[in-house]
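Trainee: I would like to learn how to read a fold step by step. Could we go through one together?

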Amino acid sequence: SPPRWGQKAQRPSAQSASSPTSSSSSSTYSERHGSGAGASDAAGSPEALQGGGGNADPVVVEFVEKLNAELEQSRSKDLEWRKQHFKTLMLTWHPDKNREQSPEQASAVFRYLIARRGWYLEA
């Protein structure tokens, strides 16, 4: 049953096999999500969306090309402005905000933005 007001919820045991943070995973965080600027540069190109198969959604590639041009153009602005602008882009393209229209496309664009974050926000 759900916890009552003022009570702490019980957490699942660490031995649970269905836990997403279980230690049975053989890959590290950096292997799953890329590491540092090198991963950002590789994933930062619109071609990286094709995943080697060459079957990227043309709509996603078009969105990414437009976003890339926008990021390139606004990169010379001050850091605080870029942080706010990037936050707005992330909220706009978050997959949870695009459930009705095209969550797969939004997810691909969102992943692209995450890959470009370090490049765009470096001082």
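Trainee: How many helices and strands does the secondary structure of the chain come to?

Mentor: This is a predicted model, in which local features need pLDDT of at least 70 and side-chain atom pairs count only at pLDDT 80 or more, while totals for chains, interfaces and linings use all residues. Residues are numbered from 1 along each chain as its sequence is written, and side-chain values use heavy atoms, with hydrogens and water left out. Helices (H or I, at least four residues) and strands (E, at least two) are DSSP runs, numbered from the N terminus. The secondary structure comes to five helices and zero strands.

Trainee: What distance separates the end C-alpha atoms of helix α4, and what span should its residues give?

Mentor: The expected span is 1.5 Å times one less than the number of residues. Helix α4 has 15 residues (79-93), so it should span 21 Å, and this agrees with the distance between its end C-alpha atoms, 21 Å.

Trainee: Which residues of α4 are buried?

Mentor: Buried means under 20% relative accessible area and exposed over 50%, with partly exposed in between (1.4 Å probe, protein chains only). In α4 the buried residues are Arg82, His85, Phe86, Leu89, Met90 and Trp93. They cover an arc of only 140 degrees around the axis (taken from the directions from the helix axis to the C-beta atoms), which puts them on the same side of α4. On the other side of α4, the exposed residues are Glu80 and Lys87.

Trainee: Which residue caps the N-terminal end of α4?

Mentor: A side-chain oxygen of this residue lies 3.2 Å from the backbone nitrogen of Glu80. The capping residue is Asp78.

Key
A polar contact is a pair of N or O atoms within 3.5 Å; within protein, one must be able to donate a hydrogen and the other to accept it, and residues adjacent in sequence count only if both atoms are side-chain atoms.
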